[in-house]
Amino acid sequence: MNLLIVESPSKAKTIEKYLGSGWHVIASVGHVRDLIPENGSVDTKNDFKPKWQIMPGKEKQLKLIIDELKKADNVYLASDPDREGEAIAWHINDILNAKNVLKGKNVYRVAFHEITKNAVTEAIKHPREIDNNLVDAYLVRRILDYLIGFSVSPLLWKRNLGKSAGRVQSVAVKLVVDREKEIESFKAKEYWSVIANCTVDKNKFDANLIKYNGKKIEKMTLENKTIVNEIVSNINTPTFGCISNIDRKKTQRHAYAPFTTSTLQQEAASKLSFSSKRTMATAQKLYEQGFITYMRTDATNLSNEAVSEIREYISKEYGNKFLPKQPNVYITKSKNAQEAHEAIRPTHFSDSKTDLSGDELKLYNLIWKRTIACQMTNAEFDSVSVDIDVKNAVFHCVGTTRIFDGFMKVYTEDNDDNNKENDNVKLPPLNINDKIEIKSLKSEQHFTQPPARFSEASLVKKLEELGIGRPSTYATIMSTIVDRKYVEQDKQHRFHPTIAGWILVSYLSNYFKDLVDVNFTAKTEDTLDDVSNGVRDKLSSLKSFWEPTNKTIESAKNIKTTDIIDKINEFMNNHLFKDNNDKCPKCGAKLGIKLSKYGAFIGCSNYPKCDYTMKLSDNLYTAENQEKIQEIKEKDLGENIIFKIGKFGPYVTDGSKNVSAKKYTFETITLDIARELLSDNNKKKVEPINLGKNPDTGKIIYYYSDGKYGPYISSNRVNISVKEQPDLETAIDLINNKKTKRFVKRGK
Ligand SMILES: [Zn+2]
């Protein structure tokens, strides 16, 4: 009898199907042992000796394993093929050894990167020992995280500075705060462009002004409307221009590499709106049922077998035009080659149809397409760039036509930061010296944009670029910083730091520079990789990290709280008080942040003489931001229509009538939209969304996105303001709670 131990019940089910009689597969249900969550579980004076405990609730599962073990001759430890999986195998082996139940039995470690019959039986034919290097890397990581958690967090609690300071999470919060600082200090600059409406043989196209009176016009050259008006009136349309230069080029675009954990999370976020957590949970299910290879990887290479199956599929399905002569090769840049094996890909290519549904089907399709596309030919483009001389000006336009789809037939990547290239801008056939009719000129006002806030996708990308975090940790980092309320997400799923996030980062970057330092954290991750590759040893790594950190912690214990608060105020001043507007309205002294058990607030530095306090709401910045936008007062859209931002948000006006334009910004508003808003037939109301029935009342709950005071939900004459569309459960909660409150009040 053989016993195979995996960590998840669904993986156990899949594998048991493949192995047949003589085998029993049992799950440990994740980790079974961890450091005791109290002070002193790591003895830093005694080679970092850890004190472990069986995790609460796991005793039962261990007993099941031990019972099964009695009937077995051979034990296979088959947890996931990475650092954490190796650690689970090691813990189980260690526990069973200590209980003396492995006597006379053979213990093997096996790992599979895909759970297919072939991969499982092959792995069992080639078992190995537990990899001590991987286990050591896990131990260093776990012990470091523990030491930081148990030494820094109490310092936070004592002074109401925050809940906890995780190693990698704190850097992620700092990235979000740093971006917010950049945005807050950003000054938008105005610039203009001049566009010619060109016509040739009834074909219309646009061209941009690039030269005027011999001077090159660049993005920021035209600073204001006066300059632009002068140019427009000098060129004076309608008029004619002449083509002075034509450049024709063929360009190609190469397919994207197959998915790694990070690129999968990024693409699932932009294409499917999945959070990192949702993507990883779904990928895990696909892996455990044998549909895809292991989902925690930073490798981009594919096995030879997979490549030949993919090539066969492309040739059969799309024809040889889409099949490159040689397979496309993607080289893995990863440093921890020990753990990295293959990209995330489907396990079978003969048939894309599966009986999956919901999230699993959506994610599987994405992986399927990306994998097939990565072995397809380049996409090809014809591009034409044309200069048109008009009097003393030169206009320029570029036309691009996709002439061969190549891999784009199957897959195109979404760009998170909105700088999508235009693939297909068609120009009519044009030749040098052709006469072009310029019917009119259009001038457009623009403003430079602050850097975009991070989304989950762009933050994961950034962490990967900086060498922070690893495939196994990105999703946890994202959910931890949200769960601990250091950041929150807006409707576009962009991260905003909360006040708690600001305070944490102010404190850590003043007193624990290393903990939030990008290079330091990247170096620590590298050290872990070195340990897992057997280049460095466990003890020296722990020492080199812990000794300086411990010194910092010891000296941080003695810093006076008032000093800390001064530093925090310095760090946050621009965020809290725009334009140094930090005078107490009661006595004129300086205002500043104060920390209490019940949260942060603004108080007067003249306390206790002056008792002025002010609430500190987390949406402070949103209001401030609005003010900032108001610095640029308005945007002239033409035809005497102006877009403005007022006290109640953006609106358009034609001088006689104002209409709210809440959905628009300086960048997205156009003359057409403004005309439409101002016209009388703009009375159509946005239809409410039916969220479902409230089981308590039997009435439908509706969501209105366009209430006078913002979005709200409504059911049975109860209205409640909401930030965004809630799910039914939340809506029911809100409605029922409000109802109870009203009822209670009446009863009094
Ligand atoms: Zn005061």
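Trainee: Which residue in E22 is the bridge partner of Asp636?

Mentor: In E22, Asp636 has Ile642 as its bridge partner. This is a predicted model, in which local features need pLDDT of at least 70 and side-chain atom pairs count only at pLDDT 80 or more, while totals for chains, interfaces and linings use all residues. Residues are numbered from 1 along each chain as its sequence is written.

Trainee: How many bridges join strand E21 to strand E22?

Mentor: Two strands pair if DSSP finds at least two bridges between them. Strands (E, at least two residues) and helices (H or I, at least four) are DSSP runs, numbered from the N terminus. Here E21 (residues 634–638) and E22 (residues 641–646) run antiparallel and are joined by 4 bridges. The two strands form a hairpin with 2 residues between them, and Glu639 in the turn has a positive phi of about 50°.

Trainee: What is the strand order of the open sheet of 4 strands?

Mentor: The order is E21-E22-E23-E24, and the pairing is antiparallel. E21 and strand E24 (658–660) are the edge strands, each pairing on one side only. Between neighbouring strands of this sheet the average turn is 25°, direction ignored; axes are lines fitted to C-alpha atoms, for helices over the stretch in contact, and angles run from 0 to 180 degrees between N-to-C directions. E22 also runs antiparallel to strand E23 (residues 649–653), with 5 bridges, and Ile645 has Pro650 in E23 as its bridge partner. Helix H19 (residues 671–678) packs on the sheet, touching E21, E22, E23 and E24. The direction of H19 makes about 80° with that of E22.

Trainee: Why is one side of E18 and of E20 left without a neighbour in their sheet?

Mentor: That open sheet has 3 strands in the order E18-E19-E20, with antiparallel pairing. Strand E18 (591–596) and strand E20 (613–614) stand at the edges with a single partner strand each, so one side of each has no neighbour in the sheet. E18 pairs with strand E19 (residues 599–604) over 6 bridges in the antiparallel sense, and Ser596 has Gly599 in E19 as its bridge partner.

Trainee: Which elements make a right-handed β-α-β unit?

Mentor: A crossover is right-handed if, with the strands pointing away from the viewer, the path from the first strand over the helix to the second runs clockwise. The unit consists of E7, helix H3 (residues 83–98) and E8. Strand E7 (residues 74–77) and strand E8 (residues 106–109) run parallel and are joined by 4 bridges, and Val75 stands opposite Val107 in E8. Gly104 lies in the loop between H3 and E8.

Trainee: Does Gly104 count as buried or exposed?

Mentor: A residue is buried if 20 or more other C-beta atoms, placed from the backbone, lie within 10 Å of its own, exposed if 12 or fewer, and partly exposed in between. Gly104 counts as exposed because it has 5 C-beta neighbours inside 10 Å. Of the 748 residues of the protein chain, 33% count as buried.

Trainee: Which residues touch the most other members of the largest nonpolar core?

Mentor: A nonpolar core is a set of buried Ala, Val, Leu, Ile, Met, Phe, Trp, Tyr and Cys residues joined through C-beta atoms within 7 Å. In the largest core, of 118 residues, Ile5, Ala172, Val173, Ile292, Ile503 and Leu504 touch the most other members. Helix H5 (residues 132–158) gives the most to this core, with 10 residues. A second, separate core of 22 residues includes Leu209, Ile217, Val228 and Val386.

Trainee: Which peptide bonds are cis?

Mentor: Most residues other than glycine have a negative phi, and most peptide bonds are trans. A cis peptide bond joins Thr237 and Pro238, with omega about -5°; Pro238 lies in the loop between helix H7 (225–235) and strand E12 (239–253). The bond from Tyr607 to Pro608 is also cis, with omega near 5°, and Pro608 is placed in the loop between E19 and E20.

Trainee: What is the phi of Asn213?

Mentor: The phi of Asn213 is near 50°, a positive value in a residue other than glycine. Asn213 lies in the loop between strand E10 (203–212) and strand E11 (215–216), and is exposed, with 10 other C-beta atoms within 10 Å.

Terms used: Contact = placed C-beta atoms within 7 Å.
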